[in-house]
Each structure stands twice: as C-alpha cells, then as structure tokens.
Amino acid sequence: MTENPDAAGETSGGGQRRELTARLVVPEMDCPSCAQKVDKSLQRVDGVVDATLQPTTGTANVTYDSDRISEADVVDAIEGAGYEVVRESDSDHDESEDAAGGADIAPPSEVWTSPRAKKTWLGAAFVTLGLLFEFLLTGQNVTVASVLEYPLHIADVLFLGAVAASGIPVVRSGYYSAKNRSLDIDLLMGTAIIAATGIGYFVEAATLAVLFSIAELLEDYAMDRARDSLRELMELSPDEATVVRDGEEVTVPADEVEVGETVVVRPGDKIPLDGTVVEGESAVDQSPITGESVPVDKTAGDEVYAGAINEEGYLEVEVTSTAGDSTLSRIIEMVQGAQAKKTDTEQFVDRFSGYYTPVVVVLAILTAAIPPLVIADPVSVDVAGYGFTFAGDWQTWFIRGLTLLVIACPCAFVISTPVSVVSGITSAAKNGVLIKGGNYLEAMGEVDAVALDKTGTLTKGELAVTDVVPVGDTTEDDLLRRAAGLERRSEHPIAAAILARADEAGVGNLPDPTGFESLTGKGIRGEIDGETYYAGKPALFEELGFDLARARRETDGGVVAEEAAESDDGAFAEDALAALEREGKTVVIVGTESELLGAIAIADEVRPASKRAVQRLQELGVERVVMLTGDNEGTARAIAEQVGVDEYRAELLPEEKVDAVEELQAEYGEVAMVGDGINDAPALATAEVGIAMGAAGTDTALETADIALMGDDVGKLPYLYELSHTANGVIRQNIWTSLGVKALLAVGVPIGLVSVAVAVVVGDMGMSLGVTGNAMRLSRIEPDRFSDT
C-alpha cells in the first residue's frame, strides 16, 4: 500500500498527513440503509477522512490517514457494521501503478445457493411442516416439551426451528443496526421476530422470518441484475493484448502495454487499447463506445477505441493511451461517478424517509399498546357497508403493531430513484450517450427548449461541394478538372472540398498551373496550357467584365431551382446564382478573362439525420427547437428551413449565444444546449443541460459537458430526451406507488385487513421488486436508427 499524492492534506499541527484510499468490495451493501449503517460505523473510526459508498455497485472508497489507522481498521469497521469485505485493493501510485486497479463493482453472486439461501429454504421447510401439524394434523400435534411450564407442541418446535434457521441472520443484522444506531429494516424485523418469539407467537415469528428472508433474497437478485448492466459495460475491454516486441508477437495483460507500442488485432478480436491504425484496413464495430449502428471503415491513420470489435481485416494499432486512460475506461469511471452523485429527488427521499420510519414505528408501538387499554368490550363499526369489530385483546393488537413495524421500512421508497438512475445511465452509456449524473438525467427529461449550434451539430462541420453547374459546352468533368487544377496550389478549405469532389468523381490528369497567385478576398488565378484561368467569387468575374446581374437577381417568386439551366448566350440562367446563394452556399465561378466555364457551390452540408432528429424532438414534446449560429443571416435561414427548427438566431458571437440561451430560459423554462463542447462552452455552462457532440475522441468535451454524445450523431438527441423523460416518469411512478401501497397497508392494519405475511410480501418484497423491475425497463429504450450515413 502506498500514498496517493492527490490525497495529501494538513494535520492540525500544520504538517502533511499521509492519506491513502482503500477501494473495497462489499457485495451485501446493496441498499441505501445498508450504506448508511456502514457510513455510521466508519464515522466512529478516528482517522477516516472521507468515504464514498455506492450500494448500486457494492463498493466503498475510503480515504484515511495512514499515520493513525491502517486499511485493516477500515475493513474491521465495515465488517463491524455486519457486511463482509470479500476483496480489497488499494489505489497504489508509487509502489506499482500496474497493481492498482481498484474495486469497480461487486462480482456476480450466487443468490439462490448462498448460505443465506440455504438457511431460508430450511426455514421454509420447517414452517411448511409446522403449518401442516398446526392446522391439518392437529391430532398428531402432541406436546413434546415444556419451557417455564409453557407446553411446546411439534408445530411449535418446527416454528422455532424456522426462526433459528431463517431468523438468526435477520436478528444478527438487526444487532449491527442497533450497534450503529441505524433505525432500518434489519432492526425493525429483528425486533419483531424476537418480540413475537418471546411472547409465544411462534407462527407469526416463523412466518415473518422466512418471508423476510425470501424477500431479502429476491431483492439481492434484483440488485444483482441491476449491477449486470454495469458489469457488461466493464467487460467490453479485453484483459489481454497481442503486442509486437522485438519483432515477435507477445500476449500480455492490457494494462502492461505502454503508449507507443504496436498491438495486433485480428478479425473478430476486440481492440484492447485506444490507438491509431498503422497498418491494415477493416470495418470496425464501434457501437460499444459511440453507439453507431454500422461498422466504420478504418485504414492507416484512423483512430480506434478500446472495446471496439474488429469485424473482418487485420490491423496493427499504435497505442495512444494506457488501459486506465482509454476512452472506455473514462466512460466507465464517469458512469460510476455519476451513480455516486445523489439527485435532488434522492436527497428529498432520504430526508422524507428520515421522518417516515420513526413516525410509523411510534404508530406501531401505540397500535400494540393503546387499544387493549382503552377497549374494554368489543366495538362494532360499519364502514361503507362493511362491518368491523374491534376487540381489546393484547394478542390481536400486538400482531397489528408487529405488522406496522414491517410497513415502517422505507426500502422500496428509498431505492426507487437510485435504481432508475443506474438503469438509465448505464443504458445510455451502452448506446453511446454519456450522462454524467442523475441530476442531468432528470433535468434533460424536463427541458422545454433545445438550442442547437449549427456548425458541427446540425451540419457536418466540413465544407463539401454540393452543386457543379457547367455552362456552354463545358462538361462537369472539365469544370472540375480546371477548378481542381487551380485549387491544388491553395491551402483554403474550399480548395480541399473541390479537390475531394474531383477525386470522388474520378477526374484525373489534373493540370499543374504555373504563375499561381492568390487574390486576397476574391479568389485565385494561374496559367494552364498558356491561358490564365480564374476561380473565385462572382464579384471577381464582374470585375473582369462579365455581367452576372441576371444570374444573381432574385426572381419575384424566389423559387430555388433544383438545377441551374444555362441561358442562350452560354452564361448562367436567370436566378441561377441567386438560388444557390439563397440556400446558404458559397459560389465559386471558374473561367478565363473571356469565357465562363461554370460554377461550383460549396457548403457545410446538413447532416442527413438533422431534419429527422428535430422532427422527432418536436413529436416527443419539446416546446421549442432553436438553432444558434455565428453564420450570416442567409446561410442560417437556409439551414433552418432545411432542418425544420422552430426558429434560428444568426450572426452570434460566443457571448451572444449565452444571451440567447438566457432569453430562451426566460421565455420557455429549462433549456438544453447542444454544441461541440469547446467553442460553445459558455453557452453549454449557462443551459440547465450542456450536451457535447462527438466526444469520443475529445478529452475537453468529456470533461466539460453534462452529457456527451460519444458518436458524432445528432440522431441520438431524441433518444436522450425520450430516455430522460421516461426515467422521470419511472421515478415518479416508483415513489408514489411505493408510498401509496404503504399508506393503504397502514390503513388496513388497524381494521384487521392486513396480516404480517401480506405486509412482507406486498409492502416490502413486492414493492422492492416492483420498483426495480420498473426501473430496468429503461434499458429497453433503443435509439431511433436514423443516422448520418
């Protein structure tokens, strides 16, 4: 064990204290009340600095002063709360970083064959036999012993056997709760079992012990299923990598591979670490990281991510990050961190349960004690045509008080939010959406308006040729050949777009211009085959003497032509250039001083998924979808009309985007802002939810955004909103249903409609399973499969 340098702090005397962080796995710590019990036990240890307990993963990260206590003291404190630490490791940094791993999640548990389960099944068998003798084989239910002159029949002995088998673990947990002054379900059930056994209510004590043990097993199983979603995420990255060392392939643990080494990835293998392809080509399934539904072609120079699957080809990849620093590792770390942060709803529920349990416990005591004292003779009451008789016997009211003790447990109510948050966040991560906290999951589901940056969000953020318009006898290939020949000497992004289009069209034999010159703000010129050619803005050719007024003039109808036809004199048709400019495109004309060859239109292409994504957001109930851009009015209007946003705001500086978000908040309410995570950082921070696009390869976006779309796919926005909106509904359903059921049961107890068995099966076991199952349906929400391909 070694010191974590980031955790060093000052002692009261002004010196440096040596802090270490123990990362521990505590599988049985699977509910908030369990974590509360552990926390109280740790608080009593002098030297514990901080503790982060995650019942959803069954882990505990405990920071302590190593000069005062050891890790063994931390483990003893947790086990002193009644929970076994099954595996432990330390956040080593100095001694061996390779040995550091830390506890990520509790391992899968054999719920139905565990020692607790075996004791439960034995207790169930005893109860079944006891009920058989008690109610059916009454003649054979003979007295076999007596205690303090109290006769014990065969059925009584069987019930006591059930209490011993199934009830002792409950009582043991209750003892630890009392020791840590934690008023939780274990203390309540343990007290009820002891009290019922002590006064001779063996049937009730045995039934309660067995049913509660079964309920605990079912809840353990449900929590283990919930943990499976995170385990699946963690299992995406392989443990081993095939590395080329000294000319030979060697298989080593992935965390031993250094940056700069080359790993070999064969067809069907998972890519072990983030890196850059240096040899080979293949289609790679990146869906575990980015959520992309279609494999992406990778060749030399392309980035690949740990956890992606090599579909068909052979690849050699130069490692760019270690196993602990890969994109997948950061995703898992952030998902776990997100689960550790309590949402506002969780904090409210915790505060409420702090009042709920003591109040119901007091009511249980009053129910058991008061009626026998005040009801001398049986009292009949008619309620809505139903007759109820209240007698004053101690046995009846004790059992009813016992039943209220069972109802006092707020387990289903308390876990209703965290299991929903875990299910929602892990489901989103598996679909390429990283949500960095439950608060953001809840907030996204409540947004009234979505603001989208244009460049890189609704558009691809890359210039591309959209139209090639030759005139006269010039063909498209001739026009592209002359334009690309001129532009091959230029460094402008427009040049790259024209060259890319010529390459796609298979235009070869590009001329090599001489006398190349850049005409600042206008275009370029160069000599090809002894003649001077120009490529540039329409204004450049007007300066050369061409009359483009008709082509640039808006027609009365303002109709955008699908294809610009040529006029009789060989120039552009009326409105041809105006139509392209009206669509927000940049027009480059190509020609000589005496002849026009044609025009090429370039634009930042709208993503094919943008229009459908905006439409789907509107269908899902988002009140206002707004585009924010620093681009000019004409381009903004054209893009806005094409994608179907409700409104647009153009020519905005970064600080003006902040003002726009604030105006939307004032007018509509909560706002989500979608941008690139870097240039739009101020606006992302101003909105209730900041969403960064294409964050898989961008550390800044991963760190700064509240939510990150790992793939560069705006089509994931509707999925994110639907998931978040549904999660909010699930959380509300879980909270109010669990409270409603508890309230109904509490009302039914005094009038004799609710037994101990019903309280356990419905109020505790049933509701805990119900809220967990309801939360798990979030994992069935899938993104709409419209994409940018």
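Q: In this predicted model, what share of the contacts in the protein chain between residues at least 6 apart in sequence join residues at least 24 apart?
A: The model is predicted. The count takes contacts in the protein chain between residues at least 6 apart in sequence. Of these, the share that joins residues at least 24 apart is 67%.

Q: How many helices and strands does the protein chain have, and what percentage of its residues is buried?
A: The secondary structure comes to 25 helices and 32 strands. The chain has 789 residues, and the buried part of them is 52%.

Q: Is leucine 753 buried or exposed?
A: Leucine 753 sits in the loop between α24 (716-748) and α25 (756-776). Its relative accessibility is 57%. Exposed means over 50%, so leucine 753 counts as exposed.

Q: What distance separates the C-alpha atoms of leucine 753 and arginine 400?
A: Along the chain, leucine 753 and arginine 400 are 353 residues apart.

Q: Is threonine 629 buried or exposed?
A: Threonine 629 belongs to the loop between β28 (624-628) and α20 (633-643). Leaving aside neighbours within four places in sequence, threonine 629 is in contact with Lys454, Ala636, Arg649, Ala650, Glu651, Leu652 and Lys657. Its relative accessible area is 2%. Buried means under 20%, so threonine 629 is buried.

Q: What span should α14 have at 1.5 Å a residue?
A: Helix α14 has 12 residues. The expected span is 1.5 Å times one less than the number of residues.

Q: How do the axes of α14 and α15 lie, oblique or parallel?
A: The axes of helix α14 (residues 476-487) and helix α15 (residues 493-504) come within 9 Å and cross at roughly 135°. Roughly antiparallel needs over 145 degrees and roughly perpendicular 65 to 115. The angle therefore makes α14 oblique to α15.

Q: Is the crossing of α14 and α15 left-handed or right-handed, and how many nonpolar residues does their contact have?
A: The crossing of α14 and α15 is left-handed. From α14 the contact takes Leu480, Ala483, Ala484 and Glu487, and from α15 it takes Ala495, Ile498, Leu499, Arg501 and Ala502. By class, the contact has two charged residues, no polar ones and, as for nonpolar residues, seven.

Q: Which residues of α14 are buried?
A: Buried means under 20% relative accessible area. In α14 the buried residues are Leu479, Leu480, Ala483, Ala484, Gly485, Leu486 and Glu487.

Methods: Residues are numbered from 1 along each chain as its sequence is written. This is a predicted model: local features need pLDDT of at least 70, side-chain atom pairs count only at pLDDT 80 or more; totals for chains, interfaces and linings use all residues. Side-chain values use heavy atoms; hydrogens and water are left out. Axes are lines fitted to C-alpha atoms, for helices over the stretch in contact, and angles run from 0 to 180 degrees between N-to-C directions. Helices (H or I, at least four residues) and strands (E, at least two) are DSSP runs, numbered from the N terminus. Angles under 35 degrees count as roughly parallel, over 145 as roughly antiparallel, 65 to 115 as roughly perpendicular and the rest as oblique. A crossing is left-handed if the near helix is turned anticlockwise from the far one by less than a right angle, and right-handed if clockwise. Contact means heavy atoms within 4.5 Å. Ala, Val, Leu, Ile, Met, Phe, Trp, Tyr, Cys and Pro count as nonpolar, Asp, Glu, Lys and Arg as charged, and the others, Gly among them, as polar. Buried means under 20% relative accessible area, exposed over 50%, partly exposed in between (1.4 Å probe, protein chains only).
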